[in-house]
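Here is a short report on local features and side-chain contacts. Please look over the model before reading on.

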Amino acid sequence: MGSRLQIEGDESVLVRVTHSNIKSFSPEIRFSLQMTVEAVKEKLWKKCGTSVNSMSLELYDETGAKISVLSDNARPLGFYSPLDCYRLHVIDLDPSSVTSGGWLEDTSLVEKYTISDEAYGKLGGTFRKFKEKLPLKQPPGQESKISDNFMGDLCANIKIGDRCEVEPGERRGTVKFVGQAETLAPGFWVGVQFDEPAGKHDGMVKGKRYFDCPPLHGAMVRPDKVKVCIKGIVAIFQCPNKLAG
């Protein structure tokens, strides 16, 4: 045992720590063998909450056999010959300690904050108030449906081959398609081939070809976005229920 006291440098030992009141407390902690028992207790107090004056330490080997009681606070830890993987057991001698009663582990023992429904309703910034501000969502299947003839009347003066201008951006091009599109939303659509690559496709939309044009020159838009030139006059088609394609 005396040889263990002749420590050169800062030798240390890694031990597992258990606690008499906290069953889930079982960390592995490294201690310098030159630390006094009192210093060990101070380090453990910060980790488990048991005060130094109320703490008793017992040392056990790997087999669970009790080696010694660390009863002298002034002696270095190395005096008791601990080895790696030994267990240092903390006994809390204070019946009124914060670790007693199990409330550090059993949350059912902790008093819960409660509030009446009426009082909660008067509070601001709550989740309930947030939900009240959200727009009401219609049940599935009850959403407003678009008619198959949506904007069909605006296509009366739009013909394939017409020169046109498309909003937004005043993009100019030629009408290549007018009618309903099975791969798009219900209603009428106008297919346009732009003069410049200001479109999204080559006339094929979701696997269905509606017209042919160079890549990135084609677009399918709603009739209210199209201005068609008729005998030098630009006819502007507008609809109060605009729906972009």
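This is a predicted model: local features need pLDDT of at least 70, side-chain atom pairs count only at pLDDT 80 or more; totals for chains, interfaces and linings use all residues.

Asp195 lies in the loop between strand 8 (188-194) and strand 9 (204-205), and Arg163 in strand 6, so the pair ties together parts that are 32 residues apart in sequence. Asp195 has a relative accessible area of 43% and is partly exposed. Arg163 is also partly exposed, at 39%.

The model has 9 salt bridges. One of them joins Asp117 and Arg128, with 2.6 Å from N to O. Asp117 belongs to helix 3 (residues 117-122) and Arg128 to helix 4 (residues 127-133), so this bridge ties together parts 11 residues apart in sequence. How accessible are the two partners, Asp117 and Arg128? Asp117 is exposed, because its relative accessibility of 54% is over the 50% cut-off. Arg128, at 29%, is partly exposed.

Accessibility is known for two members. Arg209 is partly exposed, with a relative accessible area of 34%. Asp202 is partly exposed at 25%.

## Aromatic pairs

A pair of aromatic rings is described by the distance of the centres and the angle of the planes. The count for this model is 3 aromatic pairs. Among them is the pair of Phe79 and Tyr80. Tyr80 is buried, because its relative accessibility of 9% is under the 20% cut-off.

Phe177 and Tyr210 form another pair, with 5.2 Å between ring centres. Their planes stand at 65°, so this pair is edge-to-face. Phe177 sits in strand 7, and Tyr210 in the loop between strand 10 (208-209) and strand 11 (218-221). The pair therefore ties together parts that are 33 residues apart in sequence. Tyr210 is buried at 11%.

## Charges over rings

Two contacts place a charged end over an aromatic ring. The charged end of Lys43 sits over the ring of Phe31, 5.0 Å from the ring centre. The charged end of Arg87 sits over the ring of Tyr60, 4.3 Å from the ring centre.

## Backbone features

Most residues other than glycine have a negative phi, and most peptide bonds are trans. Some residues of this model depart from that pattern. Ser81 has a positive phi, near 55°. Ser81 is placed in the loop between strand 4 (66-69) and strand 5 (87-92). Cys85 has a positive phi too, near 80°. Cys85 is found in the loop between strand 4 and strand 5. With a relative accessible area of 55%, Cys85 is exposed.

Where is the cis peptide bond that involves Pro168? The bond joins Glu167 to Pro168, with omega about -5°. Pro168 lies in the loop between strand 6 (163-166) and strand 7 (171-180).

Terms used: Residues are numbered from 1 along each chain as its sequence is written. Side-chain values use heavy atoms; hydrogens and water are left out. Helices (H or I, at least four residues) and strands (E, at least two) are DSSP runs, numbered from the N terminus. Buried means under 20% relative accessible area, exposed over 50%, partly exposed in between (1.4 Å probe, protein chains only). Rings of Phe, Tyr and Trp (its six-membered ring) pair if their centres lie within 6.5 Å; planes under 30 degrees apart count as stacked, over 60 as edge-to-face and the rest as tilted. A charge sits over a ring if NZ of Lys or CZ of Arg is within 6 Å of the ring centre and within 35 degrees of the ring normal. A salt bridge is a side-chain nitrogen of Lys or Arg within 4 Å of a carboxyl oxygen of Asp or Glu.
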